[in-house]
Amino acid sequence: MMAALAPMLAAGTAATTAATALSAGSAIAGGLADFGAAQGAKQAAEINAYIGRTRAMQTDVSARQGLNDELATIRTTFAANGQRPNVGTAAITDELRGVRSRERRIEFGNQMQAAADYKTQARNAGRQGAFALGSGILKAGPSLFDLYQLRKGK
C-alpha cells in the first residue's frame, strides 16, 4: 500500500514545489513590473519639469522683449509729439517698467512652480518604484520560505 502511495506523494511534492516557486516568481515579477511603470512615470515627470523650466525662461525673455518694444513705442511717440525726455515722461516709462516687471516675475514664478510640481512628482514616482520592488520581494518571502522548507524536507 505504501509503495503505491510513494509515486503520488512524490508527484504531489513536485507540483507543490512548482506552485510555490511560481507564486514567488509571480510576486517578484509583479514588483518588477510596478517598478518599471514607476520609472516611466518618473521619466515623464522629469521631462515635464524640464519643459516647465524652459517655458519659464521663454516667458521671461518674451516679457522683457515686450517691455522693450513698449518703451521704444512710447519714446517714439514722445519724439513724434515733440516732447523731450523730462520728469513727466520718465515717470510714465518708470511706471510701465514697474508694472510689466511685476507681471513678468509673477508669470515666471507660476511657470517655475509648475516645473517644481513635476519635479516633486518625479521624486515621488522614484520612491513608489522602489517601494513596489521591495513589496514584490516581500510578497515572495513566504513562498520562498515554503519552498526552502519543501526542499529541506527531501
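Me: At 16% relative accessibility, does Asp 60 count as buried or exposed?
Reply: This is a predicted model, so take the value as computed from predicted coordinates. The cut-off for buried is under 20% relative accessible area. Asp 60 has 16% relative accessibility, so the label for Asp 60 is buried.

Me: Which side chain does Asp 60 meet in a salt bridge?
Reply: Side chains of opposite charge can pair when their charged atoms come close. Here the N to O distance is 3.1 Å, and the cut-off for a salt bridge is within 4 Å. The side chain that meets Asp 60 is that of Arg 64.

Me: About how many helical turns separate Asp 60 and Arg 64?
Reply: Both residues sit in helix α1, which covers residues 2–80. Because they are 4 residues apart in that helix, the separation comes to about one helical turn.

Me: And how does Arg 64 count, at 43% relative accessibility?
Reply: Buried ends at 20% and exposed starts over 50%, with partly exposed in between. Arg 64 comes out at 43%, so Arg 64 counts as partly exposed.

Me: How many salt bridges does a search of the whole structure find?
Reply: The Asp 60 and Arg 64 pair is a salt bridge, and Glu 70 with Arg 100 is another pair that meets this way. The search of the whole structure gives a total of 5.

Me: In the salt bridge of Glu 70 and Arg 100, what is the N to O distance?
Reply: These two side chains meet in a salt bridge, with N to O at 2.9 Å. The pair links distant parts of the chain, since Glu 70 is in helix α1 and Arg 100 is in helix α2 (residues 87–153), 30 residues apart. Glu 70 is partly exposed at 27% relative accessibility, and Arg 100 is partly exposed at 27% too. The distance asked for is 2.9 Å.

Me: Which residues do salt bridges that share partners join into one network?
Reply: Asp 60 and Arg 64 already meet in a salt bridge. With shared partners taken into account, the joined residues are Asp 60, Arg 64 and Arg 104.

Me: What volume does the largest pocket have?
Reply: Rolling a probe the size of a water molecule over the atoms shows where empty space is left. For the largest pocket, that comes to about 170 Å³.

Me: Which element gives the largest share of the lining of the largest pocket?
Reply: There are 13 lining residues, and the closest to the pocket centre are Arg 75, Phe 78, Pro 85, Thr 89 and Thr 93. By class, the lining has 6 nonpolar, 4 polar and 3 charged residues. The elements that give two or more residues are α1 and α2. The largest share, 5 residues, comes from α1.

Me: Which residues does Thr 93 touch, not counting residues up to four places away in sequence?
Reply: Thr 93 is found in helix α2. At 14% relative accessibility, Thr 93 counts as buried. With the sequence neighbours set aside, Thr 93 touches Leu 71 and Ile 74.

Me: How far apart in space are Gly 52 and Gln 113, C-alpha to C-alpha?
Reply: Gly 52 is found in helix α1 and is buried at 9% relative accessibility. Beyond its neighbours within four places in sequence, Gly 52 is in contact with Gln 111 and Ala 115. Gly 52 and Gln 113 are 61 residues apart in sequence, while the C-alpha distance is 8.5 Å.

Me: And what is the C-alpha to C-alpha distance in space for Ala 41 and Gln 121?
Reply: Ala 41 lies in helix α1 and is partly exposed at 41% relative accessibility. Ala 41 and Gln 121 are 80 residues apart in sequence, and the distance in space is 8.4 Å.

Me: What pLDDT does the chain average?
Reply: 82% of the residues score at least 70, and the chain average is 82. Where pLDDT is low, the predicted coordinates should not be read in detail. The chain average is a pLDDT of 82.

Note on methods
Residues are numbered from 1 along each chain as its sequence is written. Side-chain values use heavy atoms; hydrogens and water are left out. Buried means under 20% relative accessible area, exposed over 50%, partly exposed in between (1.4 Å probe, protein chains only). On a 1 Å grid over the protein atoms alone, a cavity is a set of points where a 1.4 Å probe fits but cannot get out, and a pocket is an open set with protein on both sides within 12 Å along at least five of seven lines; lining residues have an atom within 4 Å of a point. Grid points are joined across faces, edges and corners, and a volume is the space filled by probe spheres set on the points. Ala, Val, Leu, Ile, Met, Phe, Trp, Tyr, Cys and Pro count as nonpolar, Asp, Glu, Lys and Arg as charged, and the others, Gly among them, as polar. pLDDT is the predictor's confidence in each residue, from 0 to 100. Contact means heavy atoms within 4.5 Å.
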